[in-house]
Amino acid sequence: MSSKTSAITGYISARFRGIPPRELAFNLLVMIFIIILALMPTGFPTNDYPDSVRAVARVLEVNNDNVFSTISFVFQGEQICKVEILDGPFKGQQAYANNRFNGRLEVDKVFTAGDKALVVIDYTGQTIRYVTMIDHYRINLEAFLFGIFALFLLLFARWTGAKALLSFLLTVLMIWKLLIPLLLKGWNPIIISLFFVVATTTTILFMVGGINRKSMAAALGSLAGTLLTTIMAIVFGESFKIHGAVLPHSETLLYAGYANLNLTEILIAVVFIASAGALMDLAIDIAAAVNEVVEKNPDITTAEAIHCGFNVGRTVVGTMTTTLLFAYTGGYIALLMVFMAQGTPVVNILNLKYVSKEIMHTVVGSLGLVAVAPFTAISAGILLTKKRRQ
């Protein structure tokens, strides 16, 4: 037994040679936490009905006799699809499924023979009573796309890529298992979201950058920028008099029985959550640059290291602010096209609630970016040169 243990220990040591033990231990703790989050219930019921089951089905035939178009591309009526169930207790059986059109392009779906669809089967005993088409089945394509992403990340970045994948999974699970349920339960959105950003940012920086002074400097700079972004979002969120109902699907949330939620505070939280990734990225870039300078020139003074960080920050900030602009406004191209097509005056556009929200979103996030650069440069200059002196 001892020989097997020694062999396993030797294999692990060989595979992870050069990686500090505390870094391995920290990432192991993160993996355990990820598993706990994955197994932890959200506290909200799933939308399952008695005597029904979800399954994947292949469309064999389509009957469009009851479908008519109000405009050339907007449909109403009902599509009847003959489907074959591909999994679940009714695998191999064929049935007819209904696909109702609502006259709304963003939610309607059109099926053709050969498509794979997610369906809900209502049954009695072993007999299928009714089949409803939910949407096209895309899970396999999504998994394939994520697999390609993970493969390239691991091939290029190796151990750092593995840590990046862990951080990705951690962020997804913390959003789905912690942030969203707590917001739905009525906890203060600003406090909960700020805690989420601080915890996630700090953990990811120490995972990817290692447990060292470089990551500590990046964390301090990123959190300083996040704090400024939060304060600016609170101040201007109230001054702009923008209600949180401008968030997509927020009215649906109210009608679903959550009228007690403070959508305006959720909107404020969204502003600094959306910019947290860019702040973290800029902070680690500057901290890594200062760390390289100090590594190559151990005799550099603190003031000189800070000056180097400022120079890097000025260069990176110039592109990162534009990156935020692209990220925030990319989804509104169709709306901007509508404004131009209708000849809407610019003064009207700039005063619309949802446009003002995006302006506030972009500018406040950019202010946070501008603040991150000097904070990180100062933190990195002090911490990294102090390490060298010691």
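Student: Is Arg-158 buried or exposed?
Tutor: This is a predicted model, in which local features need pLDDT of at least 70, side-chain atom pairs count only at pLDDT 80 or more, and totals for chains, interfaces and linings use all residues. Residues are numbered from 1 along each chain as its sequence is written, and side-chain values use heavy atoms, leaving out hydrogens and water. Buried means under 20% relative accessible area, exposed over 50%, and partly exposed in between (1.4 Å probe, protein chains only). With a relative accessible area of 64%, Arg-158 is therefore exposed.

Student: What is the phi of Arg-158?
Tutor: Arg-158 sits in the loop between α3 and α4, where helices (H or I, at least four residues) and strands (E, at least two) are DSSP runs numbered from the N terminus. Most residues other than glycine have a negative phi. The phi of Arg-158 is positive, near 55°.

Student: Where is Lys-241 found?
Tutor: Lys-241 also has a positive phi, near 55°. It is exposed because its relative accessible area is 71%. Its place is the loop between α6 (213–239) and α7 (250–255).

Student: How far does α4 reach from its first C-alpha to its last?
Tutor: Helix α4 covers residues 159–184, 26 residues in total.

Student: At which residue does α4 bend?
Tutor: The bend at a residue is the angle between axes fitted to the seven residues ending there and the seven starting there. For α4 this angle is about 35°, at Ile-175.

Student: Which helices are included in what covers the buried residues of α4?
Tutor: Among those buried residues are Leu-165, Leu-166, Leu-170 and Leu-173. Their cover includes α2 (21–39), α3 (139–157), α5 (189–209) and α8 (263–296).

Student: Is Ala-97 buried or exposed?
Tutor: Ala-97 lies in strand β4 (residues 94–102). Not counting residues up to four places away in sequence, Ala-97 touches Gln-79, Ile-80, Cys-81, Val-83, Val-131 and Met-133 (contact means heavy atoms within 4.5 Å). Since its relative accessible area is 0%, Ala-97 is buried.

Student: How far apart in space are Ala-97 and Arg-138?
Tutor: In sequence, Ala-97 and Arg-138 are 41 residues apart. In space, C-alpha to C-alpha, their separation is 19 Å.

Conventions
The expected span of a helix is 1.5 Å times one less than its number of residues.
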